[in-house]
Amino acid sequence: MTLAFTFPGQGSQAVGMGKDLADAFPEARAVFEEVDEALGEKLSETIWNGPEDVLTLTANAQPALMAVSVAVIRVLESKGLNLKDKVAYVAGHSLGEYSALCAAGTFTLADTARLLRIRGNAMQAAVPVGAGAMAAIIGLEHADVVSICAEASDAGACQIANDNGGGQLVISGEKAAVEKAAGLATGKGAKRAILLPVSAPFHSSLMAPAAEAMRAALAGVSLKDPVVPVIANVRAAPVTDAKEIAGLLVEQVTGQVRWRETVEWFAANNVTTLYEVGAGKVLTGLARRIDKTVTGTAINTPADIDAAIAAILG
């Protein structure tokens with residue numbers, strides 16, 4: 001079997017995530033301690049004890065989700081998994097791309113935590129609260145939603161933020177334009193068009209100030225070529241050059257998360273099994289809807305880790 005590891009994005013967070021790993025494995029606890037030290041605060045306390053509204057803040061959720069994913073990776077490695085030998089590709093959904101890159105050795109853990117804190121703050125600060133919006137469009141094809149966004153653009157910026165597959169697309173932009181697009185989508189046969197309870201219009205052109213903040217932040221850290229190819233969000237194709245990766249991460253802030261195409265790329269390139277590394281099972285569910293030839297499995301508990309090691313290492 002050919003394996004790829006995927007790493008979840010915002011929305012997968014839950015109070016208490018990773019606590020069982022930290023209690024069971026010193027390698028996992030060390031990850032949370034290192035993230036706390038890098039950020040100069042006890043983010044682990046918020047991850048494990050809440051409150052939920054504080055964990056959900058973009059600037060906290062992003063490094064928190066990454067910490068859980070990397071904790072799983074470190075435990076897998078302690079049990080004998082060598083990423084380079086056993087995993088063909090890595091990919092992550094939005095902030096999960098940073099988790100993937102940390103797992104693949106492009107960034108140190110401390111740098112990844114700091115980059116995601118900067119990214120979260122910059123994305124939140126890019127647009128005044130209430131000026132932007134995002135909406136999930138269910139039951140239309142990608143081309144239909146592109147057309148709807150173009151039609152709504154007379155009311156302001158509006159574009160596809162995430163193509164999650166299975167007829168689930170998320171649009172983002174100025175509030176009036178997104179609301180207009182949601183109405184148009186319903187009129188064109190969408191099963192649902194739901195405004196999302198988000199704090200900013202992520203992955204839209206309105207995030208340009210955040211993209212510039214990430215350009216500056218990435219210029220200040222050391223990057224190494226990943227030990228396995230990373231399927232970049234904005235390209236849905238493998239990348240192995242660290243300098244190119246930095247540019248794509250800047251582009252990702254305003255660009256589309258092409259997750260459907262990423263899973264389709266896996267299927268077309270002989271990947272049979274996707275392991276979702278970290279909190280929740282969102283990506284596992286999406287993979288099932290995108291291509292049934294790919295098996296998805298989530299790894300986020302000690303039992304999941306044991307099962308994965310048995311399956312991968314035999």
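How are H13 and H14 oriented to each other: roughly parallel, roughly antiparallel, oblique or roughly perpendicular? They are roughly perpendicular, as angles of 65 to 115 degrees are called here, whereas those under 35 count as roughly parallel, those over 145 as roughly antiparallel and the rest as oblique.

## Basis

The model is predicted, so local features need pLDDT of at least 70 and side-chain atom pairs count only at pLDDT 80 or more, while totals for chains, interfaces and linings use all residues. Residues are numbered from 1 along each chain as its sequence is written, and side-chain values use heavy atoms, with hydrogens and water left out.

Helices (H or I, at least four residues) and strands (E, at least two) are DSSP runs, numbered from the N terminus.

## Helices H13 and H14

The axes of H13 (residues 259–268) and H14 (residues 282–290) come within 10 Å and cross at roughly 70°. Axes are lines fitted to C-alpha atoms, for helices over the stretch in contact, and angles run from 0 to 180 degrees between N-to-C directions. The crossing of H13 past H14 is right-handed, meaning that the near helix is turned clockwise from the far one by less than a right angle.

On the H13 side, Trp259, Arg260, Val263 and Glu264 meet Leu283, Leu286, Ala287 and Ile290 of H14. Contact means heavy atoms within 4.5 Å. The contact residues comprise six nonpolar, no polar and two charged. Nonpolar covers Ala, Val, Leu, Ile, Met, Phe, Trp, Tyr, Cys and Pro; charged covers Asp, Glu, Lys and Arg; the others, Gly among them, are polar.

Helix H7 (residues 96–103) is mostly covered, with eight of its eight residues buried. Buried means under 20% relative accessible area, exposed over 50%, and partly exposed in between (1.4 Å probe, protein chains only). Among the buried residues of H7 are Glu97, Tyr98 and Ser99. Gly105, which follows H7, has a positive phi near 85°.

Ser69 lies in helix H5 (residues 58–78) and is buried, with a relative accessible area of 0%. Leaving aside residues up to four places away in sequence, Ser69 touches Phe7, Pro8, Ser99, Val277 and Gly278.

## The four-stranded sheet

Four strands form an open sheet in the order E4-E5-E3-E6, with antiparallel pairing. Its edge strands, E4 (158–165) and E6 (192–195), each pair on one side only. Neighbouring strands of this sheet are turned by 20° against each other on average, direction ignored.

Strands E3 (residues 132–138) and E5 (residues 168–174) pair in the antiparallel sense over seven bridges; pairing requires at least two DSSP bridges. Ala135 stands opposite Ile171 in E5.
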